[in-house]
Each structure stands twice: as structure tokens, then as C-alpha cells.
Amino acid sequence: MSLGKILWVDDEIESLQSQILFLENKGYEVNSKTNGFDAIDFVKDNLVDVVLIDETMPGITGLETLAKIKEMNQQIPVVLITKNETENLMNEAIGSQITDYLIKPVNPNQVLLSLKKIIDNKRLVAERTTTAYQQQFRNLFMALNSNPDYNEWMEIYKRLIYWELEMEKSDSPEMREVFQSQKQEANTEFFKFISKNYSSWVNGGKGPAPVMSHTLFASKVFPFMEKGVPTFFILIDNLRFDQWKAIQPAFSESFRILEEDSFYSILPTATQYSRNAIFAGLLPVEIEKQYKQQWKNDDEEGGKNLFEEEFFRAQLKRLKKENLKYSYTKVLNHQAGQDLVNNIHNLMNNDLNIIVYNFVDMLSHARTEMEVLKELASDEISYRSITASWFMHSPLYQALKKISDKKVNLVLATDHGSVRVKTPYKVIGDKQTTANLRYKHGRNLNYEAKEVLAFRDPREAGLPVPTVNSSFIFAREDGFLCYPNNYNYYANYYRNTFQHGGVSLEELIIPVIQMTGKNT
């Protein structure tokens, strides 16, 4: 079986017979032509994996042949072979979308290496990825079973994300299955870890606590600010760490990434709790105590995130930063995004600019309701892909590119992540019980204790007590909470949707990235 079909175009093809024979002995099928016209005709009528083209030929040049071939088939890889090493030719060749560039005289191994890079690259990378993960599997297993602290859990999750992204290159369903099993085991252990430590973190118990939603500004934003340099704090709602990795290349083009870190969302991992905590610099129980009019519990009427700027102003006052000149922009639709693009330069006069961007969360909710989006974002790979595609074409990216060559600091963060739910758990509650799938609170909740993290007194979790005797429960790992009424219908409807509010690595450990403009 042929490793690939090669077309080699050179007006001195006779002198290359030994090289062609070498490639054929390696398993490639090689066809040869002596001019560009014949090469174009051949590509028109035949399937070709790679074209090798000599630049200097009578009739039409290699670059002209390349242009004609690309008109017929944009995807076909072309390797240009030339004696000419001038920068102009290289620039023109690269601009014409060549795949590789070889300088004459070429030896057979050079050509072979180029073909392997182009044709065998995917297979070789997949094999290498599988082998490397097999070697790392035991290290990850040992890390999971060595009683990791909150810093080590952040590192474990980063490593899991690294391997999840690497596994995309592997075509081994068996290895992906092994990886998914290990990730599931990690979430099981993480749930135990959070169950044991969360209350201590939010109640100032013994031992250190991680950076969490309510300490994010004090720990990660204010210390990063410099006098005379505008800082932009970008909060993309519901952005998981793997989704950050999907949009990271776009940021790397325009900004210098200084620190790629993570922090812990508070529970529930839901916007009205975690985002209000970020801007208030307080836990929800403290916000409710200080702002009785503004705080809304799940079952109360009215918007739950309408007072973020007011909460932030109070945080500045509490930290004695009232003189900080800041702006607050919330982008909920495309027009608001365009307004941001048009106004971004005016924000350069502020010390701090907060931009809350609400796309990924809308995608997550819309995916639950719309069948077409369920198809488009059917799993983690496609969910990341849609996020990357959105960001590359978003007004947010356009706006940030406008300031990337300026002296600016940038902090990118989110309020919580999401998890693809698969396992329904039954919960019984009264009429006051909330409808959320990953967490619920109410007075008479009936549930299996092993399936949830429960706080009979919400204050233990830094949460308000909505009604007398209310308790909070949080779904573990990939579980979601369903009532017995129409149980099978709702279990099937919500299975494999992306939800948030509960306890999982994906929801709780989230990105906070510090960057500067390329010219800073």
C-alpha cells in the first residue's frame, strides 16, 4: 500500500531518477513531469498528496505553476525546490502558501523528511502522543493519590487539560477512553477534596485558602496594576480553562502572556453568586447582609447581576482606592460589542477598565435549548472549537487588537466554568425549591447524601439563608439534579448538556491570565 502519491515537477527530471527510486523504495508512489503545464493537467485529472516543484523551469515558473494548482485545489501541499535563496523569492513563496521550501541541491533524506512532515505528520504525532500519555499516566495516578492541596489540584487540572488537548491529535479511541476514565477519577477525588476543605476556606479556618472569586481583585488585579499604565480586566462569562487554551493563540499574537494562572470559583459556580462575589470582593452572605435591597436570591424576582458596578465601587472604597479612575462595560449583545470597538481608545485614559463579556454563557444555555447547537457543540472538542471561532470573529478581539500595540496591562478571567452532565440524580423538594440543575436550595430537600455536597446551614458555605431552615446541595462530578415528576423526560433532555453551579474541576478551577501589550 502506497504511503502517498507524489508529483515531482522539474525540467531536469532525468537527473533525479535515483531520488525518485529512493522514495519509491520507501513506499511512495511518484509521478514526474518536466514542465508546469503538464503538472497542472496531471493535478486536474489525478489525486495527489504532495507536489514537489522546481522554481526555475522553461515555460511557466514554479511559482506560476503553484498559483494555478492552488486555484484548482487550495488544500494540496506544495514543496518549492530552488537554487535561489533570495528573501524576495522566499517571501513570495510563503505568500503563495507553500507548505515547505527546499534549497538545491537536495539530498534524498531532506525530501523524505519533508514528505513525512506533510503526509505522516498526523499519524506520527498521534503515535507519539499516545506513547507519551502512557508514560505520564502513572505520574498522574500517583499525583491524584498523594493527598494534593489546592495548588497541586490546580496543577493536576492543568496537566489533564494538556493531555485532553493532546488527545485530539490521537486517533486512538482506546487511549481517549483511558484518559476520560482518569479524568473521571480525578473529579471523584476532587469532589472529596472540596467537601472536606471548602467550608474552612470561606470561614477563615486553619491553614491557607486559595485565591477565590471574592479575593480575585485583591490578589490578582490590583497588585498587577502600574501607575500610568491602563489595566483592562476582561471577564468572559463561563470560560473553562480548556476554552482559554483554545483562544490563547489569538491572544499570543497580540499580547505577551506573563502568567497563566487559575483560581477557585465560589459555590454555587453560577453567575449571580460568583460574579457578584468577584466585584463586591465579598462572599454572598456578606453581600446580602450589606446590600439587602440589591441582593436577590434564586427564587426572587428581578435581575441577579444588576449591581456589579455598585458592588465594585464599594470594594474600591473599602480598600481605600476611591481615587482609582475606572470604567465598567457590560457586553450582552453584538451592538454593545461594536460600541466597545469604537470606544476602546477612549478607555486608555482610565487606570482600570472592566469589560464583562457574555457570550460563552449564552452559548452554553442556548445549546441546552436548541437542537442545532447540540449538534454543533456535541462534546468538549466542538465546544472549544466554537469558542475559538467566536472569539476570533468577535468585537472583543477586534477591540483588544486596537490596543495591543499600546502600553497596557490586561487581566483575563471568568466567573465559573461548566461541565457536561451525564448522570441524573433524583431530588425531592417543596414548591420553594430552586430549579437549577447543578445546585438547589430549599427547606425540605430529600436526596441521596453520597450524590451531593450538602450544607444544612448555608452560612457554612458563605451563602445567605434564603428562607428559614433552607439548605443548599451541589451536584458532584457529572451529575445533574432532577425531580421525580417526568423524571425520564428531563433526564434525557438535559443529559450531555453543559451546566454549571456544582462541584467539578471544570466549574471550580478557572483561568486568570496576566498579559501586557506586545510593546510594553
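1. In this predicted model, 5 strands make up an open sheet with parallel pairing, and their order is 2-1-3-4-5. Strand 2 (28-33) and strand 5 (100-103) are the edge strands, each pairing on one side only. From one strand to the next, the twist averages 20 degrees.

2. Within this sheet, strand 1 (residues 4-9) pairs with strand 2 in the parallel sense, over 6 bridges.

3. Helix 3 (residues 62-72) lies across strand 3 (50-54) and strand 4 (78-82). Relative to strand 3, helix 3 runs at about 155 degrees.

4. After helix 7 comes G204, which has a positive phi, near 65 degrees.

5. Which helix gives the most to the lining of the largest pocket? Helix 7 does, with 7 residues. The volume of the largest pocket is about 440 Å³, and 20 residues line this pocket. Q180, K183, E380, R420 and K422 are those nearest its centre. At least two lining residues come from each of helix 6 (150-167), helix 7, helix 16 (380-392) and strand 11 (419-420).

6. Another open sheet has 3 strands in the order 13-15-14, and here the pairing is antiparallel. Strand 13 (439-442) and strand 14 (452-455) each have a single partner strand, so one side of each is left without a neighbour in the sheet. The twist in this sheet averages 15 degrees from one strand to the next.

7. The pairing of strand 14 with strand 15 (residues 471-475) is antiparallel and extends over 4 bridges. A reader wishing to find this pairing in the structure may look for F455, which stands opposite F472 in strand 15. As background, the strands of a sheet pair through backbone hydrogen bonds, in either a parallel or an antiparallel manner.

Terms used
Residues numbered from 1 in each chain as written. Predicted model: local features only at pLDDT ≥ 70, side-chain atom pairs only at ≥ 80, totals over all residues. Heavy atoms only, no water. Pairing = 2+ DSSP bridges. Axes fitted to C-alpha atoms, helices over the stretch in contact; angles between N-to-C directions. Contact = heavy atoms within 4.5 Å. 1 Å grid on protein atoms, 1.4 Å probe; cavity = no way out; pocket = protein on both sides within 12 Å on 5 of 7 lines; lining within 4 Å. Points joined across faces, edges and corners; volume = space filled by probe spheres on them.
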